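Visitor: I'd like a close look at one part of this model, the place where the two chains meet. Could you walk me through it slowly?

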There are 2 protein chains.
Amino acid sequence: MSKGILTVISGFSGAGKGTLMRKLTRDYPNYALSVSMTTRAPREGEQEGRDYFFVDTDTFQERIRQGQMLEYACYCGNYYGTPGDYVQEQLEAGRDVILEIEIQGALQIRKLMPDCLLLFVTPPNAGELRRRLEGRGTESPEVIARRLARAAEESEGIEAYDYIVINDDLGECVRQIHSMVQNARYTPARQETLINEIRGELNSFSKGAE
Amino acid sequence: MSKGILTVISGFSGAGKGTLMRKLTRDYPNYALSVSMTTRAPREGEQEGRDYFFVDTDTFQERIRQGQMLEYACYCGNYYGTPGDYVQEQLEAGRDVILEIEIQGALQIRKLMPDCLLLFVTPPNAGELRRRLEGRGTESPEVIARRLARAAEESEGIEAYDYIVINDDLGECVRQIHSMVQNARYTPARQETLINEIRGELNSFSKGAE
């Protein structure tokens with residue numbers, strides 16, 4: 001059983017990442033969703049182990065010291081991050097892991113695991129992006145300004161991603177993400193075993209021909 | 001209409017590159033096969049413009065001087081190469097161009113056109129590779145030795161390719177190549193127009209919000 005693929009999904013607020021990931025895991029059985037860890041308090045309706053792993057600050061900092069976080073960041077006085085043990089277990093078991101994080105976290109993971117796949121989800125055009133950032137017109141100007149600032153920041157990092165995923169048609173988009181993950185199994189880095197087997201055979205073959 | 005994708009296919013002798021390319025162009029209408037140019041004499045049954053463009057040495061060398069060859073090489077006193085004009089015309093018209101060449105040529109093309117897709121075709125395992133290199137046992141030891149030397153040389157360059165294509169099941173393999181080409185449209189380099197449009201919108205949006 002070969003190791004699974006780790007796919008990191010980032011993208012603009014309102015681009016539909018959550019819906020894409022739910023449909024992907026429902027349509028194809030081989031995906032495992034990574035769950036983040038945080039020190040912030042659970043909100044109404046949030047479940048331990050489904051929405052987040054909720055821990056205290058000492059526990060989180062100890063995990064950082066032990067090198068057990070794949071990536072982490074601190075927002076508004078709370079830690080958020082990806083525990084490495086669950087991701088590694090799933091990958092070793094041959095499952096493909098999907099992880100939704102922002103660009104800074106995505107770049108941290110790319111450094112630790114160079115053969116992960118980085119996907120950036122965007123609405124199909126700038127007008128649609130604007131409508132989604134503006135929301136239904138019921139959000140406060142501060143919320144919209146925060147989304148906008150974050151979108152501008154994320155847009156600066158797009159070139160670091162392997163693929164831009166244009167979320168126009170949901171079904172088409174999910175099929176496309178799945179095919180990108182499937183194809184990622186066939187990079188030379190992922191096919192090292194076959195390549196080495198072939199080089200070995202060519203060597204023994206040419207010795208036999210001498 | 002966006003530009004087409006240039007796909008360069010290399011791989012071991014007997015890996016089935018020709019069959020794959022024929023089925024790919026038959027199954028999907030958007031592919032154009034690039035035809036090589038050579039100074040060697042036509043063999044029995046070979047057709048001008050289908051198998052090769054046959055030219056004399058002066059013509060070939062003049063094309064090299066004019067920068068009109070995407071790549072070229074000299075084997076056994078004959079030139080072989082890829083005329084750039086046909087490839088460029090087809091790509092501009094939005095067609096995806098497929099080109100079968102060896103690794104040295106593939107690397108020349110990657111330098112000239114960094115967003116081309118490089119695929120390396122191999123039999124599914126080393127034993128199968130050996131059987132295909134040995135052929136039906138009717139070839140002379142010299143022919144087998146030449147194939148083997150070439151396979152060893154090509155195998156050294158596999159890491160330069162984007163994907164290893166394992167030719168086990170022909171239909172599956174053709175679908176896989178097609179999905180690799182389709183996905184190549186969504187790299188950040190290929191989506192520059194959308195990315196710039198989005199950055200422009202985010203800029204104008206934040207000016208409006210000031």
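Guide: Here is a tour of the contact between the chains, followed by a quick look inside each of them. Keep in mind that this is a predicted model.

Let's start with who takes part. Chain A brings 41 residues to the contact, and chain B brings 42 residues. When the two sit together, about 3,800 Å² of area is buried between chain A and chain B, and carbon and sulfur atoms give 67% of that.

Six salt bridges are counted between chain A and chain B. One to find on your screen joins B:Glu156 to A:Arg199, where the closest N and O atoms are 3.9 Å apart. That pair makes the count because the cut-off for a salt bridge is 4 Å. Across the interface of chain A and chain B there are also 13 residue pairs in polar contact, both residues being at pLDDT 80 or more.

Which elements of chain A give two or more residues to the side that touches chain B? They are helix H5 (126–134), helix H6 (141–155), strand S9 (163–166), helix H7 (170–184) and helix H8 (192–209) of chain A. The one that gives the most is H8(A), with 10 residues. Sort this side of chain A by class and you get 23 nonpolar, 10 polar and eight charged residues.

Next, how do the copies relate to each other? In general, two copies of a chain are related by a rotation about an axis and a shift along it.

Let's step back and take in chain A as a whole. Chain A has eight helices and nine strands, and its C-alpha trace spans about 80 × 45 × 30 Å along its principal axes. Of the 210 residues in chain A, 46% are buried. Take the contacts in chain A with a separation of 6 or more: residues 24 or more positions apart account for 67% of them.

You'll find A:Thr82 in strand S6 (residues 78–83) of chain A. With a relative accessible area of 0%, A:Thr82 is buried. Leaving aside neighbours within four places in sequence, the contacts of A:Thr82 include A:Ser34, A:Met69, A:Val87 and A:Ile101. The side chain of A:Thr82 also makes a polar contact, at 2.5 Å, with the side chain of A:Glu71.

Last stop, over in chain B: B:Ser36 lies in the loop between strand S2 (31–33) and strand S3 (37–38) of chain B. B:Ser36 has 16% relative accessibility and counts as buried, because the cut-off for buried is under 20%. Apart from neighbours within four places in sequence, B:Ser36 is in contact with B:Tyr52, B:Phe53, B:Gly81 and B:Pro83.

Technical notes:
Residues are numbered from 1 along each chain as its sequence is written. Chains are lettered from A and ligands numbered from 1 in the order in which they are written. This is a predicted model: local features need pLDDT of at least 70, side-chain atom pairs count only at pLDDT 80 or more; totals for chains, interfaces and linings use all residues. Side-chain values use heavy atoms; hydrogens and water are left out. Contact means heavy atoms within 4.5 Å. Buried area is the accessible area (1.4 Å probe) that two parts lose on being put together, summed over both. A salt bridge is a side-chain nitrogen of Lys or Arg within 4 Å of a carboxyl oxygen of Asp or Glu. A polar contact is a pair of N or O atoms within 3.5 Å; within protein, one must be able to donate a hydrogen and the other to accept it, and residues adjacent in sequence count only if both atoms are side-chain atoms. Helices (H or I, at least four residues) and strands (E, at least two) are DSSP runs, numbered from the N terminus. Ala, Val, Leu, Ile, Met, Phe, Trp, Tyr, Cys and Pro count as nonpolar, Asp, Glu, Lys and Arg as charged, and the others, Gly among them, as polar. Buried means under 20% relative accessible area, exposed over 50%, partly exposed in between (1.4 Å probe, protein chains only).
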